[in-house]
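Here is a short briefing to keep beside the structure as you look around. We begin with the chain as a whole and then turn to the ligand.

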Amino acid sequence: MDVDRVAVIGCGTMGHGIAQVSAQAGLNVLVIEQSTEALARALERIEKALDRLQSRGKLDSAAVVRDRITGSTDVATLSDRQLVIEAVDEHLETKLDVWRSVDPVLGPNTVCATNTSSFSVIGQAMVTGRAEQFIGLHFFNPVAVMNLLEVIRSIASSDTAVATGQDFGRRIGKDIVLAPDRAGFIVNRLLLPYCVDAINAFESGFGSIEDIDTAMRGGCGYPMGPFTLLDFVGLDTVFTMTEVMWTEYADARFAAPPTLRKLVEAGFLGRKSGRGFYDYASDPPRAAVHR
Ligand SMILES: NC(=O)c1ccc[n+]([C@@H]2O[C@H](COP(=O)([O-])OP(=O)(O)OC[C@H]3O[C@@H](n4cnc5c(N)ncnc54)[C@H](O)[C@@H]3O)[C@@H](O)[C@H]2O)c1
């Protein structure tokens, strides 16, 4: 199915980027948020991103792209959508509640996709009446910059639903890989043990937060060190990933180190809360966790 009308539910770090790139590709985009305040913040964030692109000469008209996006807090407005992408918090009950409320509103051919980092795709699909039309579309942060899109086929996904996801991904300019419905898919299956091990290394005295980041940037050519990356992703999201992947694989490589757990308990969630492994009140950010 060729998709012209897409919806994004949850318009935070990931959702606003998915909405933005979809609108830039010419699609009609409906954004759903949980409150009018969150919706206003999300739309402003997209507008700022589009204005920045225009001022750098990378976009002809921010206004034309912005006009393709509408917002609502009412899931009843989803009834004409061909593809619905969920990007709410990495919290299973929240996602399941969203799918339960959205499914009855959608047309019979609508394809549903979750942007989850770790939860089972089939586990979410089964609370809808359309398991065969349910896939994973896993974007990367920041969505407007990162080229990859993992398309996840669950054990029940139809070929048509998978092809719809792949065609949509190509249309918005992403490189596509097909990934299995296993916790973490491809990228996080490999990336999470690396990030967990960086915290383990810090806890056991291999180096400071800054030195480990500097080492991995300079020594491996990575664009950011593991602690900057962890803060960028969001420590609540990372913590949930460790729990889900530990449950699925029973492998210590995925177990949350104590420091990660304590930071989340403290509400220090990384960039989005202003503090995580680093404190973002200072410029440049200073390490905020010490042994
Ligand atoms: N942050 C990353 O680097 C990253 C990368 C890939 C995938 N993901 C996944 O994307 C999803 C979203 O993560 P995020 O980092 O954007 O989170 P976020 O906290 O930045 O944004 C979540 C948004 O969902 C909204 N929301 C919550 N409940 C809602 C509801 N019932 N209806 C509508 N909106 C609702 C919140 O208001 C918020 O704006 C998660 O599943 C996460 O695992 C995140």
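Buried residues account for 49% of the 291 residues in the chain. Please keep in mind that this is a predicted model.

**The chain as a whole**
- With 291 residues, a compact globule would have a radius of gyration near 19 Å, and the chain agrees because its own value is 19 Å.
- Along the principal axes, the C-alpha atoms fill a box of roughly 55 × 45 × 35 Å.
- The accessible surface of the chain is about 13300 Å², and carbon and sulfur atoms hold 52% of that.
- If you like to count elements, the secondary structure comes to eleven helices and ten strands.
- Of the contacts between residues at least 6 apart in sequence, 65% join residues at least 24 apart.

**Who surrounds the ligand**
- There are 25 residues around the ligand, and T13, E33, E90, K95 and S117 come nearest.
- Sorted by class, this shell holds nine nonpolar, eleven polar and five charged residues.
- Helices α1 (13-24) and α4 (92-102) each supply at least two residues of the shell.
- The most comes from α4, which gives three residues.

**Polar atoms facing the ligand**
- In E90, a polar side-chain atom lies 2.5 Å from an oxygen atom of the ligand.
- For N141, an N or O atom of the side chain is 3.1 Å from a ligand oxygen atom.
- G12 takes part through its backbone, where an N or O atom lies 3.5 Å from an oxygen atom of the ligand.
- The ligand exposes 830 Å² when taken alone, and the protein buries 87% of that.

Definitions and conventions:
Residues numbered from 1 in each chain as written. Predicted model: local features only at pLDDT ≥ 70, side-chain atom pairs only at ≥ 80, totals over all residues. Heavy atoms only, no water. Near = heavy atom within 4 Å. Polar contact = N/O pair within 3.5 Å; in protein donor to acceptor, adjacent residues only side chain to side chain. Areas by Shrake-Rupley, 256 points an atom, 1.4 Å probe, with all protein chains shown as cover. Helix = DSSP H or I, 4+ residues; strand = E, 2+ residues; numbered from the N terminus. Nonpolar A, V, L, I, M, F, W, Y, C, P; charged D, E, K, R; others polar. Rg over C-alpha atoms; globule rule 2.2 N^0.38 Å. Buried < 20%, exposed > 50% of the residue type's maximum accessible area, 1.4 Å probe, protein only. Contact = heavy atoms within 4.5 Å.
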